[in-house]
There are 2 protein chains.
Amino acid sequence: MPVGPEFSAATQKIVDAVLFDTFGTVVDWKSGVADAVEAIAFRYGFEVDAAEFALRWRARYAPATESVRTGVREFVTLDELHRENLIATADEMGLPIDRIEPADLAWLNQAWHRLDGWPDSVAGLTELKRDFIIGPLSNGHVALLTNMAKHAGLPWDVIIGSDVTRAYKPDPNVYLGAARLLDLPPHRVMLCAAHNSDLAAAQRAGLRTAFIARPQEYGPSQRTDLHATGAWDLIARDIRDLATQLRDHRTA
Amino acid sequence: MPVGPEFSAATQKIVDAVLFDTFGTVVDWKSGVADAVEAIAFRYGFEVDAAEFALRWRARYAPATESVRTGVREFVTLDELHRENLIATADEMGLPIDRIEPADLAWLNQAWHRLDGWPDSVAGLTELKRDFIIGPLSNGHVALLTNMAKHAGLPWDVIIGSDVTRAYKPDPNVYLGAARLLDLPPHRVMLCAAHNSDLAAAQRAGLRTAFIARPQEYGPSQRTDLHATGAWDLIARDIRDLATQLRDHRTA
């Protein structure tokens with residue numbers, strides 16, 4: 001019978017847990033949200049540039065979470081922030097949102113729960129799951145991330161939502177809270193993200209970091225996060241490549 | 001393109017999420033803990049009745065969580081409670097625990113992270129996962145439950161640990177907190193447990209309930225929880241049977 005620390009093999013791995021930013025890094029929010037906007041427009045006979053609507057809806061995300069991060073307002077989940085931002089975006093683009101039935105409006109707002117993974121996401125995560133604890137480290141809340149995982153088939157081991165730490169990235173408490181929840185020191189946890197600023201905050205909190213470029217996240221006009229701009233531990237082409245690199249990368 | 005509430009089919013299901021008590025209901029703690037005790041005894045040349053040690057270690061669990069539930073002490077995780085109880089049990093049974101190396105002691109204490117599922121657990125959960133959100137609703141903390149899932153291959157969608165609600169069952173906040181975290185009304189969540197008292201508390205909190213008998217949980221001398229003693233929504237032989245019953249059970 002074996003005696004001794006169970007995960008003795010794990011001490012050779014660079015980390016024990018690989019956590020992921022989700023929106024943009026694991027799932028394609030732009031296509032998913034635009035599809036939902038288009039479906040609503042079709043049903044109600046609205047004229048709308050659905051892709052542009054998705055981009056503008058998303059643009060309001062950072063300032064909204066910032067208001068929680070800076071203590072201007074109490075923590076509320078992304079469902080609430082998305083709903084406020086949906087109304088503001090509809091207003092801005094002249095969409096008569098008051099004509100939409102409540103159930104359809106809720107369905108539209110929940111588009112953020114029903115996003116598809118990038119082509120490499122499920123395969124890459126499935127491979128990583130063999131050797132590492134995998135989970136989202138996202139500004140999404142537990143319900144949103146759980147629904148998203150069911151929809152997209154993301155095989156998470158654990159879901160770390162913003163409503164557990166009640167804080168939004170890049171608040172350092174989010175990264176440290178995730179490590180604490182897994183009972184791991186921060187340097188045994190890696191954040192993988194397509195956003196350099198997220199990785200910078202994770203690195204400041206003591207986590208390991210991996211960058212994946214998602215040059216299509218914002219569509220053809222994307223100008224930011226096309227390349228790694230920091231000294232990250234790993235840079236990968238996509239999640240499958242990350243899995244390959246982590247399998248080969250051992251700290252002896 | 002489909003428009004309308006996504007989970008329209010789900011409204012015909014009795015619940016959206018099926019959560020599980022873990023120790024005893026999903027995993028066999030007695031065998032797993034006894035094996036670890038035996039391994040340590042073998043390494044150190046101790047004479048000990050490992051099965052009896054496991055039973056006595058476990059017997060200290062309810063009073064320990066009770067002291068948190070009643071506010072006698074602050075919330076601490078099961079790792080801490082298990083460690084205190086391990087020392088007390090060793091004392092009681094004359095095991096010279098001070099001779100055990102710290103790494104081996106930690107390994108022994110983490111036996112509760114490395115328990116195997118009952119023969120039906122993985123297959124039953126895998127079947128339930130197709131139609132329902134599945135997760136543990138356990139007094140274990142997130143790290144323990146995550147390690148347990150990795151060890152036993154439990155395909156949870158989401159892990160709801162005691163360190164998220166910072167409370168121990170049967171505190172009603174545990175059950176209500178789980179529903180809130182999933183953004184579901186309590187009656188759309190089912191607790192499945194092998195313990196009537198756990199189900200009674202869940203039912204008082206408004207959850208649906210399912211009983212599974214685990215007559216071998218405490219070994220051949222078990223006298224409690226051999227049968228359902230309350231008006232539970234479902235009574236199943238095991239988790240596979242629960243999956244079959246839930247598949248057939250629709251609230252039209």
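Predicted model: local features only at pLDDT ≥ 70, side-chain atom pairs only at ≥ 80, totals over all residues.
Do the copies use the same surface, or a different one? The same: 100% of the interface residues of chain B are also interface residues in chain A, so the copies meet through the same surface.

Now the interface itself. Chain B gives 35 residues to the contact, and chain A gives 35 residues. Together the two chains bury about 2900 Å². Of that area, 65% is on carbon and sulfur atoms.

What about charge pairing across the interface of chain B and chain A? The rule finds 2 salt bridges there. B:D157 forms a salt bridge with A:K150. The closest N and O atoms of that pair are 2.6 Å apart. For this pair to count, the cut-off is 4 Å from a Lys or Arg nitrogen to a carboxyl oxygen. Polar contacts next. Between chain B and chain A there are 8 residue pairs in polar contact, both partners at pLDDT 80 or more.

Which elements of chain B give two or more residues to the side that touches chain A? They are α1 (29–44), α5 (102–109), α7 (142–152) and α8 (162–165). The largest share comes from α7(B), with 6 residues. By class, that side of chain B divides into 19 nonpolar, 4 polar and 12 charged residues.

Next, inside one chain. The domain assignment of chain A gives two entries. Domain 1 covers 8–28 + 117–248, and domain 2 covers 29–113. Their C-alpha centres lie 25 Å apart. Domain 1 of chain A puts 23 residues into the contact, and domain 2 of chain A puts in 18 residues.

How much area is buried between domain 1 and domain 2 of chain A? About 1800 Å², and carbon and sulfur atoms give 59% of it. On the domain 1 side, A:F23, A:D28 and A:Y168 lose the most area to domain 2. Together they make up 37% of what that side buries.

How many salt bridges join domain 1 and domain 2 of chain A? The count is 0. Polar contacts are there, though: 12 residue pairs between the two domains, both partners at pLDDT 80 or more.

Look at the elements on the domain 1 side that touches domain 2. Those giving two or more residues are α7 (142–152) and α8 (162–165) of chain A. The largest share, 5 residues, comes from α7(A). By class, this side has 9 nonpolar, 8 polar and 6 charged residues.

Last, salt bridges in the whole structure. A search over all chains finds 28. One example sits within chain B. The side chains of B:R56 and B:E92 meet in a salt bridge, 2.9 Å from N to O. B:R56 lies in helix α2 (residues 50–59) of chain B, and B:E92 lies in helix α4 (residues 78–93) of chain B, so the pair ties together parts that are 36 residues apart in sequence. Side chains of opposite charge can pair when their charged atoms come close.

To recap. The copies meet through the same surface, and they bury about 2900 Å² between them. In chain A, the two domains bury about 1800 Å², with 0 salt bridges between them.

Notes. Residues numbered from 1 in each chain as written. Chains lettered and ligands numbered in written order. Heavy atoms only, no water. Contact = heavy atoms within 4.5 Å. Buried area = accessible area lost by both parts, 1.4 Å probe. Polar contact = N/O pair within 3.5 Å; in protein donor to acceptor, adjacent residues only side chain to side chain. Helix = DSSP H or I, 4+ residues; strand = E, 2+ residues; numbered from the N terminus. Nonpolar A, V, L, I, M, F, W, Y, C, P; charged D, E, K, R; others polar. Domains from an automatic or database assignment.
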